[in-house]
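Here are my notes on this one, as numbered points. Have the coordinates open while you read.

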Amino acid sequence: MHLTRLVLRQVTRKVQLQRMYSSAPAAAVSGAEKLVPPTPEGAAKPPNPKLDTIVNNIAALNLLEVAELSTLLKQKLNLPETAFAPQFAAGPARAAPAEEEEEAAPKKVQTSFKVKLVKFDEKQKVALIKEVKNLLEGMNLVQAKKFVESAPTIVKEDIPKEEAEKLKEALAKAGAVIEIE
């Protein structure tokens, strides 16, 4: 008797679960069909079907139809009728505007500098090692010696011009040849 009740309960639970999951509303099913899973990172995104058909239609046009389409788009979008020069055009007509653009563009001002130890005087090596140890934080004598001997090397990067000049002056007094880039 207990065994039959137990089996009957299990069967009714399974039937209820099946009904619950299989009798999903029609709206939920149709909404799920419209959902598109996101594309994984690094994979190419599938094209928009609407845009894909437009591209295919344009690709099927001949040269005269493309020219007519171009004029219609210019009219519709209120674009000027001037022809745009292609990027690969060369010659004096293209060279003159390029020079004007260079003059009109603001000059870039360098705000961060690199101080580079190019070489050093062997006679003043000890003084240079001590100076490097004092100027560069967290460096002991052994590290400073290896650093100096590994010339040419960058002493500091991304520093303002004033600090770079001070560093250059201090290291130059200790026998180093310094470049500021």
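How many bridges join β1 to β2, and do they run parallel or antiparallel? Four bridges join them, and the two strands run antiparallel. The points below start with provenance and then come back to this sheet.

1. Ground rules. This is a predicted model, where local features need pLDDT of at least 70 and side-chain atom pairs count only at pLDDT 80 or more, while totals for chains, interfaces and linings use all residues. Residues are numbered from 1 along each chain as its sequence is written, and side-chain values use heavy atoms, with hydrogens and water left out.

2. Confidence. The average pLDDT (the predictor's confidence in each residue, from 0 to 100) is 78 for the chain, and 77% of the residues score at least 70. Where pLDDT is low, the predicted coordinates should not be read in detail.

3. Overall layout. Eight helices and three strands make up the secondary structure; helices (H or I, at least four residues) and strands (E, at least two) are DSSP runs, numbered from the N terminus. Along the sequence the pattern reads α-α-α-α-α-β-α-α-β-α-β. Of the 181 residues in the chain, 13% are buried. Buried means under 20% relative accessible area, exposed over 50%, and partly exposed in between (1.4 Å probe, protein chains only). Among contacts (heavy atoms within 4.5 Å) between residues at least 6 apart in sequence, 65% join residues at least 24 apart.

4. The sheet. It is open, with three strands in the order β2-β1-β3 and antiparallel pairing; two strands pair if DSSP finds at least two bridges between them. β2 and β3 stand at the edges with a single partner strand each, so one side of each has no neighbour in the sheet. From one strand to the next, the twist averages 20°. Axes here are lines fitted to C-alpha atoms, for helices over the stretch in contact, and angles run from 0 to 180 degrees between N-to-C directions.

5. Valine 115 has lysine 156 as its bridge partner in β2 and stands opposite isoleucine 180 in β3. For lysine 116, the partner in β2 is isoleucine 154.

6. Helix α8. Its 13 residues (161-173) should span 18 Å at 1.5 Å a residue, and the end C-alpha atoms are 18 Å apart, which agrees; the expected span is 1.5 Å times one less than the number of residues. Ala164, Leu167, Ala170 and Leu171 are buried. These four cover an arc of only 130° around the axis, so they lie on the same side of α8; the arc is that of the directions from the helix axis to the C-beta atoms. Glu162, Lys166 and Lys173 are exposed on the other side. The buried residues pack against β1 (113-120), α6 (125-135), β2 (153-159) and β3 (176-180).

7. Glutamine 124 sits in the loop between β1 and α6 and is partly exposed, with a relative accessible area of 34%. Leaving out residues up to four places away in sequence, glutamine 124 touches Lys173, Ala174 and Gly175. Glutamine 124 and alanine 176 are 52 residues apart in sequence but 8.4 Å apart in space, C-alpha to C-alpha.
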